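Here are some notes to read alongside the structure. Have a look at it first, then go through the points in order.

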Amino acid sequence: MSGTSDTYLGMPAFPAAARDAVRNETLRENLRHATHTIRDKRAKAVAELDDWALLRAAGRDVKERTLRHLDHYLLQLEESVTAAGGTVHWAADAGEANRIVTALVKQTGQSEVVKVKSMATQEIGLNEALEAEGIRAYETDLAELIVQLGDDRPSHILVPAIHRNRGEIRDIFAQRMGSWGRPALAGLSDDPAELAEAARVHLREKFLRAKVGISGANFMVAETGTLVVVESEGNGRMCLTLPETLISVVGIEKVVPTWQDLEVFLQTLPRSSTAERMNPYTSMWTGTTDSDGPRTFHLVLLDNGRTDTLADEVGRQALRCIRCSACLNVCPVYERAGGHAYGSVYPGPIGAILSPQLRGTGSDVDASLPYASSLCGACYDVCPVAIDIPEVLVHLRERVVEGGEVTRNGERVTIKPAKGHTAERAAMRAARWVLDHPGALRAGQRLASRTRRLHPKRLPGPGRAWTDTRALPEVPAESFRDWWQRTRGGAR
């Protein structure tokens with residue numbers, strides 16, 4: 001990963017990466033089984049609530065109100081955290097956030113940290129930044145541990161190792177645990193209980209030894225300065241309470257105004273993510289106390305493109321995301337291509353609209369992500385905060401093809417169209433002219449009908465890619481306009 005963005009260096013654009021992924025039969029079977037299981041359970045959990053539609057609307061409205069007044073709530077949050085004994089740091093980008101966290105760890109004199117699963121720290125490449133300074137970060141979430149031990153990359157927001165099956169996980173534990181700490185017992189099987197026990201034993205000594213913990217947060221409550229982490233394993237509770245120093249790196253969009261607002265999301269997030277009525281572990285902390293938990297607390301508020309995204313009236317709704325991953329589990333593209341093809345820590349439909357806004361559309365990877373969708377709309381249907389992902393995808397496709405004004409680093413700039421879309425722009429402009437001139441449209445339709453026997457089965461040139469996977473529609477012998485005129489129009 002690069003140090004200033006979450007682009008995986010060397011990643012091909014989405015079409016090339018997806019083409020390789022769909023040929024991996026093991027990967028496709030793992031994804032199919034996992035996504036179908038999760039989404040079926042989610043559907044049952046959501047169906048239990050008669051007021052789910054109202055909760056969804058409430059979550060959307062809370063997020064929209066917060067984003068409209070984000071400056072106010074962030075300052076209120078800073079005041080509340082400071083009053084509770086914490087220290088707030090502001091990071092404009094990934095590089096600044098990494099420098100802040102690295103310096104804070106060095107101040108403690110420690111050379112290792114334990115981590116709660118955190119998308120924000122993956123986004124900025126924190127583990128790599130710490131390693132460069134001689135500090136080792138230990139992931140404690142089970143799936144993140146599998147990814148770290150396997151020298152792999154996350155492929156799902158909720159289940160980062162969703163692309164691995166039990167046999168692969170057993171092999172990773174047996175071969176790699178010893179180089180990171182306590183090795184797995186000889187004869188480890190692929191039984192889930194044995195795998196969980198191996199991870200538990202491996203991590204226990206790290207929890208008891210660590211003096212510094214690093215976390216993200218699902219939510220931050222502005223009125224009290226309270227941070228919230230929801231999880232299912234208990235590793236988060238250990239990381240948040242045992243170390244002497246706690247450093248939380250959180251995106252600025254995670255703030256909510258009040259506890260009453262938080263109550264909405266504590267109902268919608270667990271049902272949409274793990275299909276549970278409530279998370280087994282909901283950890284909340286407000287600053288520091290002398291008698292319990294960490295003695296020192298630092299909150300690093302991360303921008304890293306979020307303010308620029310907020311300036312886009314269509315694209316800003318991506319900042320409503322609460323990272324439930326429901327959109328991934330229903331997406332036919334994600335199910336077949338997997339998360340690695342997106343070249344980002346944010347895969348799936350939400351990644352296809354979030355990453356190009358946080359990072360820009362200058363790279364081949366980011367310019368391709370808005371096209372990583374069939375626009376079927378299933379992602380919008382399941383989103384607990386009603387993000388209209390198809391609308392944003394179309395909006396970003398226009399940006400890729402046409403360029404235009406965007407906000408970068410707080411300033412309005414004009415970006416050029418992405419490479420490779422010249423033919424598309426020409427075709428769209430020609431179509432616009434034809435549709436604006438009914439006579440030309442009628443003449444074109446008649447010409448197409450009269451020459452239909454000469455039409456090729458596949459399009460030439462840039463259109464070849466479209467007909468590689470689609471049948472070219474046959475042109476009818478008569479256009480609708482001519483048929484209507486012949487059968488009904490003249491009589492009337």
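1. The end C-alpha atoms of residues 76-301 lie 13 Å apart, and the span is 44% helix and 21% strand. UniProt lists those residues, 76-301, as "domain: LUD" in an unreviewed entry. UniProt positions follow the numbering used here, feature names are shortened, and annotations may be inferred rather than shown by experiment. Helices (H or I, at least four residues) and strands (E, at least two) are DSSP runs, numbered from the N terminus.

2. A word on what you are looking at. This is a predicted model, where local features need pLDDT of at least 70 and side-chain atom pairs count only at pLDDT 80 or more, while totals for chains, interfaces and linings use all residues. Residues are numbered from 1 along each chain as its sequence is written, and side-chain values use heavy atoms, with hydrogens and water left out.

3. The second annotated stretch sits further along. UniProt, again in an unreviewed entry, gives residues 396-486 as "domain: Lactate utilization protein B C-terminal". The end C-alpha atoms of this span are 43 Å apart, and its make-up is 51% helix and 11% strand.

4. Now the chain as a whole. It holds 23 helices and twelve strands, and its C-alpha trace spans about 90 × 55 × 45 Å along the principal axes. Buried residues make up 51% of the 492; buried means under 20% relative accessible area, exposed over 50%, and partly exposed in between (1.4 Å probe, protein chains only).

5. How is the chain divided into domains? Domain 1 is 14-140 + 211-306, and domain 2 is 421-489. The bounds come from an automatic or database domain assignment. The centres of the two domains, taken over C-alpha atoms, are separated by 50 Å.

6. Next, the largest pocket, with a volume of about 1,900 Å³. It has 46 lining residues, and the closest to its centre are P15, S368, Y371, H421 and E424. Domain 1 and domain 2 both give residues to the lining, so the pocket lies between them. For the terms: on a 1 Å grid over the protein atoms alone, a cavity is a set of points where a 1.4 Å probe fits but cannot get out, a pocket is an open set with protein on both sides within 12 Å along at least five of seven lines, and lining residues have an atom within 4 Å of a point. Grid points are joined across faces, edges and corners, and a volume is the space filled by probe spheres set on the points.

7. Which helix gives the most to that pocket lining? α19 does, with five residues. Helices that each supply at least two residues include α1 (14-21), α19 (389-402) and α20 (422-435). By class the lining has 22 nonpolar, eleven polar and 13 charged residues. Here Ala, Val, Leu, Ile, Met, Phe, Trp, Tyr, Cys and Pro count as nonpolar, Asp, Glu, Lys and Arg as charged, and the others, Gly among them, as polar.

8. Two cavities of 30 Å³ or more turn up in the whole structure. The largest is about 110 Å³, and of its 17 lining residues the closest to the centre are C331, P349, S373, S374 and C379. α19 shows up again, giving the most to this lining with three residues. The classes here are 14 nonpolar, three polar and no charged residues.

9. The second largest cavity holds about 90 Å³ of space. It is lined by 14 residues, and C321, C324, C327, C383 and I387 are the closest to its centre. Twelve of the lining residues are nonpolar, one is polar and one is charged.

10. N409 is in the loop between β11 (404-408) and β12 (411-415) and, at 76%, counts as exposed.
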